[in-house]
2 protein chains.
Amino acid sequence: MIATAQTPPPPYYAVIFTSLRTDGDNDYAATAAQMLEIASQQPGFLGFESARQEIGISVSYWASLEAIAAWKENIMHRKAQSRARDWYRQFRVRICRVEREYGF
Amino acid sequence: MIATAQTPPPPYYAVIFTSLRTDGDNDYAATAAQMLEIASQQPGFLGFESARQEIGISVSYWASLEAIAAWKENIMHRKAQSRARDWYRQFRVRICRVEREYGF
């Protein structure tokens, strides 16, 4: 079932990844699916949300800055990072501490 | 030109709004456009990014928690907030401090 990410009470961390794609797939879809599968097995992974229209926004949620740093250094993830310019004309990574949360 | 939000050096704040829509428009599109126009005139507003596929993700960027609180209390915004259940089956608001940012 599609749902917004179910995260624990704050504080925890969010990585907001916003991007504009290049033309063509260039293994993007397969790599993105693989990265999500690997990320979701990392210690401290809490959830993931993603949507793309003109711009793409993906948010991953993490228990700690250490968990984010470990995922950034993951060997498969580093291999994907090295291909960033094949897939993105522009991207921005923002590492955030979630202070407060509400909703229904 | 479509681009990722151009924000100042951290720290600053992000409000991550994730949602699942109800069926039908119910004035949603017009209200969302109006809210963005008003928000972007608020003191401390830094930028906005949005995309929707299965899930909707909108991120607004702000200079301070005070700026976020003032926008939350804006009278037009409060009127829109009171209609949340007309538009959303589910939503989550996460208020975050952006600690670090990079990209190209």
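The legends below describe close-up views of a predicted two-chain model.

Residues are numbered from 1 along each chain as its sequence is written, and chains are lettered from A in the order in which they are written. Because the model is predicted, local features need pLDDT of at least 70 and side-chain atom pairs count only at pLDDT 80 or more, while totals for chains, interfaces and linings use all residues; side-chain values use heavy atoms, with hydrogens and water left out.

**View 1. An open sheet of eight strands is formed by chains A and B.** The strands, which are DSSP runs of E with at least two residues, numbered from the N terminus, follow the order S2(A)-S3(A)-S1(A)-S4(A)-S4(B)-S1(B)-S3(B)-S2(B) with antiparallel pairing, where two strands pair if DSSP finds at least two bridges between them. Strand S2 (45-52) of chain A and strand S2 (45-52) of chain B stand at the edges with a single partner strand each, so one side of each has no neighbour in the sheet. On average, neighbouring strands of this sheet are turned by 25 degrees against each other, direction ignored.

**View 2. Strands S1 and S4 of chain B pair in the antiparallel sense.** Residues 12-21 (S1) and residues 88-103 (S4) are joined over 10 bridges, and B:Thr18 has B:Arg92 as its bridge partner in S4(B).

**View 3. A:Gln42 is a buried loop residue.** This residue, in the loop between helix H1 (28-39) and S2 of chain A, has a relative accessibility of 17% and therefore counts as buried (under 20% relative accessible area, with a 1.4 Å probe and protein chains only). Leaving aside residues up to four places away in sequence, A:Gln42 touches A:Trp62, A:Trp71 and A:Asn74, contact meaning heavy atoms within 4.5 Å.

View 4. Chain B can be laid on chain A with an RMSD of 0.0 Å by a turn of 180 degrees and a shift of 0.0 Å along the axis (least squares on the C-alpha atoms of residues with pLDDT of at least 70 in both), which is the relation of a two-fold axis. In the interface, 42 residues of chain B are in contact with 42 residues of chain A. Of the residues in chain B, B:Arg94, B:Tyr102 and B:Phe104 lose the most area to chain A, together 21% of what that side buries.

**View 5. A salt bridge joins A:Arg92 and B:Glu101.** Their side chains meet at 2.7 Å, N to O, and the count between chain B and chain A is six salt bridges, each a side-chain nitrogen of Lys or Arg within 4 Å of a carboxyl oxygen of Asp or Glu.

Conventions
Helix = DSSP H or I, 4+ residues; strand = E, 2+ residues; numbered from the N terminus. Axes fitted to C-alpha atoms, helices over the stretch in contact; angles between N-to-C directions. Buried < 20%, exposed > 50% of the residue type's maximum accessible area, 1.4 Å probe, protein only. Buried area = accessible area lost by both parts, 1.4 Å probe.
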